[in-house]
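Colleague: I would like to learn how to read aromatic pairs and a ligand site. Could we go through them together?

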Amino acid sequence: MKIINVGNYQELSERAAKIVIETVQNKPNAVLGLATGSTPIGLYNELIDDHAKNGTSYRKICTFNLDEYVGLEGSHPQSYLYFMRQHLFNHIDISPENTFIPNGKAEDMMKECERYEELIKEKGGIDLQILGIGQNGHIGFNEPGTSFSSRTHIIQLTESTRKANSRFFSSMDEVPTHAVTVGIQTIMESRKILLLVSGQAKMEAFKRLLSDEIDESFPASVLKLHNDVTVITDIAFDN
Ligand code: GLP
């Protein structure tokens with residue numbers, strides 16, 4: 001893992017945007033893996049600014065989001081589809097038919113998981129996967145204990161994740177109990193991975209990521225087995 005330590009969140013967002021923009025410029029039909037959560041919002045703002053100022057085009061870019069809550073309509077303000085439209089898609093020239101997010105309202109969720117995996121393959125796999133990290137080390141919604149060989153699947157969210165994400169909902173009861181997420185194996189097949197770690201709340205997770213541990217009880221630790229991972233963090237650490 002290559003670790004880039006920056007002074008603050010703004011710098012983290014700019015460094016991350018530089019990597020995404022380079023990918024898009026070098027391969028105008030690249031397949032990007034996108035993440036939600038508060039961490040990548042600054043990155044998305046940078047991409048929107050760059051698109052407006054420099055005209056970087058996403059016309060042929062295809063995106064796959066990592067995850068979605070089960071049971072939320074895309075029109076629900078806390079759905080990840082809504083999030084992506086609001087924070088990125090509505091502000092760049094990407095074609096809506098090239099943006100993919102698992103459907104959390106599919107009638108047959110098992111089939112939906114298979115369909116999503118097939119689609120990723122059909123589009124040639126992920127060139128650059130953007131990741132955030134949960135306080136418990138989850139990536140996407142792959143909670144601790146998820147098999148490193150997992151593919152897109154349904155997962156029951158841990159109470160700690162529901163609690164962490166309840167800040168976006170009006171009450172804890174409204175936070176969905178399940179999510180659909182691409183699997184760890186799926187993430188590991190991405191050609192390049194960019195992990196963003198921001199804020200003191202992620203300190204423990206970051207320390208664990210820097211340790212020698214590679215174990216399913218800490219999902220992000222799998223990234224140490226990938227040959228092209230860049231971590232950008234605004235957490236001060238000694239290396
Ligand atoms: C969410 C998402 C993850 C995200 C993580 C951290 O639950 N499913 O993809 O990386 O939690 O979110 P945040 O960036 O808001 O801390």
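Modeller: Gladly! Let us begin with a definition: rings of Phe, Tyr and Trp pair if their centres lie within 6.5 Å. Keep in mind that this is a predicted model.

Colleague: How many aromatic pairs does the structure hold?

Modeller: There are 6 aromatic pairs in the structure.

Colleague: What describes a pair of aromatic rings?

Modeller: Two values do: the distance of the centres and the angle of the planes. Planes over 60 degrees apart count as edge-to-face. Take Phe64 and Tyr116, whose centres are 5.5 Å apart and whose planes make an angle of 80 degrees, so the pair is edge-to-face.

Colleague: Now the ligand, please. Where does the ligand sit?

Modeller: The ligand is in the largest pocket. Of the 14 residues around it, Ser38, Thr39, Asp67, Arg167 and Lys202 come nearest. By type, the shell has 3 nonpolar, 8 polar and 3 charged residues.

Colleague: And how should I read polar contacts there?

Modeller: Look for pairs of N or O atoms within 3.5 Å. Asp67 places a polar side-chain atom 2.9 Å from a ligand nitrogen. For Asn165, a polar side-chain atom is 2.9 Å from a ligand oxygen, and an N or O atom in the Arg167 side chain also lies 2.9 Å from an oxygen atom of the ligand.

Colleague: How much of the ligand's accessible area does the protein cover?

Modeller: On its own the ligand has 390 Å² of accessible area, and the protein covers 94% of that.

Key: Residues are numbered from 1 along each chain as its sequence is written. This is a predicted model: local features need pLDDT of at least 70, side-chain atom pairs count only at pLDDT 80 or more; totals for chains, interfaces and linings use all residues. Side-chain values use heavy atoms; hydrogens and water are left out. A residue is near a molecule or strand if one of its heavy atoms lies within 4 Å of it. A polar contact is a pair of N or O atoms within 3.5 Å; within protein, one must be able to donate a hydrogen and the other to accept it, and residues adjacent in sequence count only if both atoms are side-chain atoms. Accessible areas come from the Shrake-Rupley method with a 1.4 Å probe; for residues, only the protein chains shown count as cover. On a 1 Å grid over the protein atoms alone, a cavity is a set of points where a 1.4 Å probe fits but cannot get out, and a pocket is an open set with protein on both sides within 12 Å along at least five of seven lines; lining residues have an atom within 4 Å of a point. A molecule sits in a cavity or pocket if more than half of its atoms lie within 2 Å of its grid points. Ala, Val, Leu, Ile, Met, Phe, Trp, Tyr, Cys and Pro count as nonpolar, Asp, Glu, Lys and Arg as charged, and the others, Gly among them, as polar. Rings of Phe, Tyr and Trp (its six-membered ring) pair if their centres lie within 6.5 Å; planes under 30 degrees apart count as stacked, over 60 as edge-to-face and the rest as tilted.
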